[in-house]
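Subject: Structure handover and notes

Dear colleague,

I am passing on the structure below, together with some notes on what turned up in it. Please keep it open beside this message while you read.

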Amino acid sequence: MNTVAPAWVRVRLRTAPGAAAALALLVALTACLAAAFPRALDHYEDAGLGRAVEQATPKRTTLTVSAPQPGLQLPAAERERALLPQALGRQFDRIADAVPGPLAVDRGQSSYGVQNTADLEAPDAWIPRPSGIPAQIRLVAQNGLAAHSSLRAGRLPRANGPVTAETAEVEAAVTAETARGLHIEAGSVLHLPAVSRAPLAVRVTGIVTPRVPDGAYWATESLLRSPALMRVPGSSDPMYYWLGAVLLPPQAAPALLATNGKPVRYWQIAPDSGTLHAHDLGRLKSAVATLEAGPGLGRMRAATDPAAQASTELDDVLTSYDRLTASIGPLVAVAAFGSATVAAVVLMMAGGLAADRRRAELTLLRARGASLRGLTGRLLAETAVVALPAGALGLGAALLAVPEGRRLPALLAAAAVTAVACLALPLRAAAAHRLVRLHGPREDTVSVRPSRRRTVAELTLLVIAAAAVEALRRRGVSGASDASGNQLVSLAPVLVGVIAALVLVRLYPLPLRWLTGPAGRLRGAVGHLSLARAGRTSVSAVLPLLALLTALTTAAFGGSVLAGVADARDHAALIAVGADGRVEGTGVLPAALSDRVRKLPGVRAVTEAGVNYEAKAGDNLTQTTLAAVAPADYAALARRTGLGAFSEDALRRPAGDPKAPLPALASPSAAQAYGTRPFPVRLDDGTTVTVRIAVVRDRTPAVIGTRFLVVDRAGLSRQAARTSTLLLTGDHLDAGALRRAAGTSVGVQLRSAERARYVDSPLQSGAEHIYTAAVAAGTGYAVLALLLALLRAAPERTALLARLRTMGLTRAQGRRLLVLESLPQAVLAAAGGALTGWATIRLLSPGIDLTTIALPSSAVSAGENVLRTDPLSLALPAAGVLVLAVAVAVGQAWWTGRRGSVRELRAGDAR
């Protein structure tokens, strides 16, 4: 048997087509899931990077290269030629070519031109002057105006003949917003000061509107599209003036040399966000760094001017996204490692099941002289004929299902699955038939003692798991500085499950031995037989137990992560709104509004508050937010929301002494500033009230902030106590109905709407989806592992039931026998999985903060959102294991009763 005979492989496949089809289906499904995971992760990471770049706005992400005007020592004609679009365009092409990969240039939104850096004063009296200060004008001669704008009035500007520094008048255009703010019309003429000559006349010939206002062409320098009302720096009283941009044709750029505006040449390089990939993040940051202060800057200076400078904030955007990825990635890896472990165990169990079913055949071949190498080769060929096409099919399905992402990681993942499927049966058979035997030794769980090799392997895994857990506790999921550290940390829950499985398998015989004696004294034989059968389970049951514990631990960990994310978003939304709904006006709300809102569907309670944002506290008149409330209603709201619960008596106005200080609920910062002594608070209506801090809380529903005072409204003047805010309690509040009842001048916030916008990045939502899918896949493979374990013992159980029925065992007793036989391992897996999941979460939670994956950077969060155990995530999977084990046992007993016992009782059958 030194060569693999194709005919023998073909005969084997024809003999067991059902087993071959089942293996092909398992390999195809596993390869598809394994290949789809890295591509889905790439898709979400790339989408998140693109969103981060888009949200950062072109002002931050565009690379701006600027160079001063040509030196005064040069001839005038040469200085003017250097500002013309022909020269700037050639330099732009060389700059774009100097940008290193993988950073790509969006040439459609990039631009170049000339503008003055010192704004020019426009003395024309018809331009608005808010504080009597003349407007400032910035002259910009940028390429591509016709391609990036639509003409609204007049015509586009043009240069009538050559333009030099001596040209007296040039044409220009302005955007519609600039025209509206500065009262410019088509035909208006601006007179801007020039150096040693008459003012430069700028005739506006057209008004344009941007075609893509948020594109880099217009948004890199927002002044091009919208004027700005600027405040005069250093003035004691606020004084303002208009600043606007006037767009010259590129051929008119030499006219800027006649002004004292210090013109500069510039080239704006917009990155193409559609070509950015998260896996290139390190190379992207290196590319940006070399353009800002490296060899790339030297190449751009050689192409433009030795004094050219480059600036961008794209590196800050990439670094911020890198931190987000570093925080979310290990959490996703936890689910990936867990699901991959369970899938690998299932593939090995499938090979082990096939080896056990063919034990007699393989033993006979070895006894007739088959070499171990030849036997292993035939089994490998037999398995490869099925697994390789199935793996290729699964890979193809993954590529079609997830079209985005890299192909190499998907190919490697599918290849790994196929390799495990191909090697599981040959290696298991080689281990079992290493020696030629007629009868194999007993491998009962109760009788076999662990070997020294197994003890050493278990201790090694224990040390690795302990090191991974300690690393995670010390530095958290995002603290690892290298990829190997992050992978070890992410593997920690799996390693804890592995150790628990090995420990439980060692402890499993003890309760069986303890229960055997009491069960033997029972009147019926079912209990004793079930314990005896459970004790004769093969020691190889460590694999299904490992799969179940790993899946239950990963499911508990993943379920707790998802529950923690939901709780963090709920709490952040509650802090941002203060209740289930918030109706707040800029002034006093109408008196009848509270009754109208209370009658709306879904509203259970309405708490009124008068929030004074301009209160001045203490002798130094520190601005503080003061809320005037009814103590009873407000205390009930604080208890319901969990935001600073307190006793209503602590806030109630003292009776009998109108001059006594009002008790106040205060934030920690206010309590630190004023202590428990009485201090005055001046309100916006001019009245002053004396308060004394009686209760300190970090949060309170009425005030969104961390510096506040809350007092009894009965102790304030009638005007100061008027209602400006309604805090609503209820389910399924209707935002439209609330806005119609409140009116257009009143703001309406809902906790549900606030929570809905807390998924800031596709990476965050993608991480949740991948985590959910990974946990679901792991759970499915765990169920399959349980079914394979039960299927492995099915022939033996069927024969046992048939023989016991000849001795008078009833069908009901047969069902009880199979159920009781399967319960010890099921209970062991369920209880061990729940306990292991709980212990894993308790061990690892100090190193995990869910804030990054749960909330955007702009959301309000009350400190760290530490991972906590979710009871449902522990109980439901464990209960599912028990239910499934019982259901399979009952089903097997029912099916055996229907088939009859003739086949199982034939003489000579090996069972």
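Thr-688 is exposed, with a relative accessible area of 52%, where buried means under 20% relative accessible area, exposed means over 50%, and partly exposed lies in between (1.4 Å probe, protein chains only). Not counting residues up to four places away in sequence, Thr-688 touches Pro-680, Val-681 and Arg-682, and contact here means heavy atoms within 4.5 Å. The C-alpha atoms of Thr-688 and Leu-716, which are 28 residues apart along the chain, are separated by 8.8 Å.

Before going further, please note that this is a predicted model, in which local features need pLDDT of at least 70 and side-chain atom pairs count only at pLDDT 80 or more, while totals for chains, interfaces and linings use all residues. Residues are numbered from 1 along each chain as its sequence is written, and side-chain values use heavy atoms, with hydrogens and water left out.

As for the whole protein, there are 29 helices and 21 strands, and buried residues make up 49% of the 911 residues. Among contacts between residues at least 6 apart in sequence, 80% join residues at least 24 apart.

Leaving aside neighbours within four places in sequence, Ala-671 is in contact with Ala-666, Ile-693 and Val-696, and its C-alpha lies 8.8 Å from that of Val-695, 24 residues apart in sequence.

What is the size of the largest nonpolar core, and which residues have the most contacts inside it? This core has 93 residues, and those with the most contacts inside it are Leu-103, Leu-139, Val-202, Val-246, Leu-248, Met-300 and Phe-557; a nonpolar core is a set of buried Ala, Val, Leu, Ile, Met, Phe, Trp, Tyr and Cys residues joined through side-chain atoms within 4.5 Å. Helix H10 (residues 314-357) gives the largest share of this core, ten residues. A second, separate core of 50 residues includes Val-342, Ala-350, Ala-785 and Val-881. Among the residues that Leu-103 contacts, leaving aside neighbours within four places in sequence, are Pro-271, Leu-276, Leu-284 and Leu-314.

Two helices deserve a look together. Helix H2 (residues 17-55) packs against helix H12 (residues 372-401) at an angle of about 35°, with their axes 7 Å apart; axes are lines fitted to C-alpha atoms, for helices over the stretch in contact, and angles run from 0 to 180 degrees between N-to-C directions. The residues of this contact divide into 16 nonpolar, three polar and one charged, where Ala, Val, Leu, Ile, Met, Phe, Trp, Tyr, Cys and Pro count as nonpolar, Asp, Glu, Lys and Arg as charged, and the others, Gly among them, as polar. Among the residues that meet are Ala-20, Leu-23 and Arg-39 in H2, and Thr-383, Val-386 and Leu-399 in H12.

Also in helix H2 is Asp-42, which counts as buried at 4% relative accessibility. Asp-42 is in contact with Gly-405 and Arg-406, leaving aside neighbours within four places in sequence, and although Asp-42 and Arg-406 are 364 residues apart in sequence, they are 7.1 Å apart in space, C-alpha to C-alpha.

Some backbone features are worth checking as well. The peptide bond from Gly-101 to Pro-102 is cis, with omega near 5°, and Pro-102 is found in the loop between helix H5 (85-98) and strand S2 (111-116). Thr-57, in the loop between H2 and helix H3 (58-61), has a positive phi of about 70° although it is not a glycine, and Thr-57 is partly exposed, with a relative accessible area of 37%. His-732 likewise has a positive phi, of about 55°, and counts as exposed at 78% relative accessibility. Most residues other than glycine have a negative phi, and most peptide bonds are trans.

With best wishes

Note on methods
Helix = DSSP H or I, 4+ residues; strand = E, 2+ residues; numbered from the N terminus.
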